[in-house]
Amino acid sequence: MPRLLCAGGLLALCTVLGGCGSATSPRPPARVASPAQRAGSGTPPTRAQAVAFARAVNLTAADVPGFTPSSRHEGETEPERRLQRSLRRCAGPVHFGGGLAQEQSASFELKRDVLDLGVNSEVAVARTSALAASELRAIREARVKDCFSRYLDTLLKGRRFRGARPGPVSIASGTPPAPGARGSFGWRITATFSAGRVTVPLYVDILGFVLGPARVSLVSSGALRPFPAALQQRLYTLLLARASAHRM
């Protein structure tokens with residue numbers, strides 16, 4: 001259930017913003033031009049530069065010791081694709097306008113007794129900084145957040161959870177600090193599942209920032225309790241540092 005809600009939240013974000021790349025397997029480090037080489041160029045990044053940037057920024061297994069990369073992947077069903085189309089109609093024309101690159105890290109999991117945590121990152125690169133900035137403004141709109149909430153409500157109600165009943169999904173928003181970035185956004189998605197007298201809360205956090213033409217997102221989830229705040233802050237800061245070091 002945490003993975004479904006986590007995937008659903010990121011999929012909703014990606015659906016409105018123009019689609020996500022699939023999770024990537026480990027690759028050799030990509031060559032990325034240094035900030036000095038790119039400074040003052042004033043030219044949009046190429047697709048190769050955008051892909052190299054995404055691979056240099058995204059989380060790796062070394063960033064989350066103790067977590068295990070997940071190889072599980074579920075294809076989208078036709079009802080889910082219909083939901084995505086409905087979400088696009090609800091949220092309106094919010095997208096990168098033909099992004100150069102959009103890649104996810106692997107999904108990393110930690111299960112220990114009742115502890116069930118998950119985390120991954122996603123990097124998208126637009127053709128211009130203006131397009132990335134317009135996306136950020138859209139993400140912050142209450143209308144878009146309400147559309148996402150209804151999408152997730154419907155997504156969960158369409159699944160079977162071995163007798164558990166999903167409750168309504170709520171989304172709280174904020175702006176996490178991102179020094180040097182053009183702006184940031186943060187969502188806390190909360191859902192509950194009830195089985196008899198037992199209620200299980202699920203939490204998904206989507207934190208992100210826009211730096212130049214790039215949007216970088218950290219997606220973390222936790223069952224019973226939220227993803228640990230200290231670890232979340234460390235990973236978010238790490239992504240910001242990498243994006244700043246390889247700034248396009």
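Predicted model: local features only at pLDDT ≥ 70, side-chain atom pairs only at ≥ 80, totals over all residues.
In one of them, Phe67 and Phe227 adopt a tilted arrangement, with 6.2 Å from centre to centre and 45 degrees between the ring planes. This pair links distant parts of the chain, its members being 160 residues apart. Phe67 lies in the loop between helix H3 (47-57) and strand E1 (68-70), whereas Phe227 lies in the loop between strand E9 (214-223) and helix H7 (229-245). Phe67 has a relative accessibility of 10% and therefore counts as buried. Phe227 likewise counts as buried, because its relative accessibility is 4% and the limit for that class is under 20%.

A further pair is formed by Phe209 and Tyr236, whose ring centres are 5.8 Å apart. The planes of Phe209 and Tyr236 stand at 85 degrees, so the pair is edge-to-face, a class that requires an angle over 60 degrees. Here too, distant parts of the chain are linked: Phe209 belongs to strand E8 (residues 198-211) and Tyr236 to helix H7, at a separation of 27 residues. Phe209 is buried, with a relative accessible area of 1%, and Tyr236 is buried with a value of 2%.

Helix H7 also takes part in a helix-helix contact. The axes of H3 and H7 come within 9 Å and cross at roughly 145 degrees, and the crossing is right-handed. H3 contributes Phe53, Ala56 and Val57 to the contact, and H7 contributes Leu239, Arg242 and Ala243. By class, the contact of H3 with H7 comprises five nonpolar residues, no polar residues and one charged residue.

H4 passes H6 in a right-handed crossing. On the H4 side, the contact is made by Glu80, Leu83, Gln84, Leu87, Cys90 and Ala91. On the H6 side, the contributing residues are Arg143, Val144, Cys147, Phe148, Arg150, Tyr151, Thr154 and Leu155. The residues in the contact of H4 with H6 divide into nine nonpolar, two polar and three charged.

How values were computed
Residues numbered from 1 in each chain as written. Heavy atoms only, no water. Phe/Tyr/Trp six-rings, centres within 6.5 Å; stacked < 30°, edge-to-face > 60°. Helix = DSSP H or I, 4+ residues; strand = E, 2+ residues; numbered from the N terminus. Buried < 20%, exposed > 50% of the residue type's maximum accessible area, 1.4 Å probe, protein only. Left-handed = near helix turned anticlockwise from the far one by under 90°. Contact = heavy atoms within 4.5 Å. Nonpolar A, V, L, I, M, F, W, Y, C, P; charged D, E, K, R; others polar. Axes fitted to C-alpha atoms, helices over the stretch in contact; angles between N-to-C directions.
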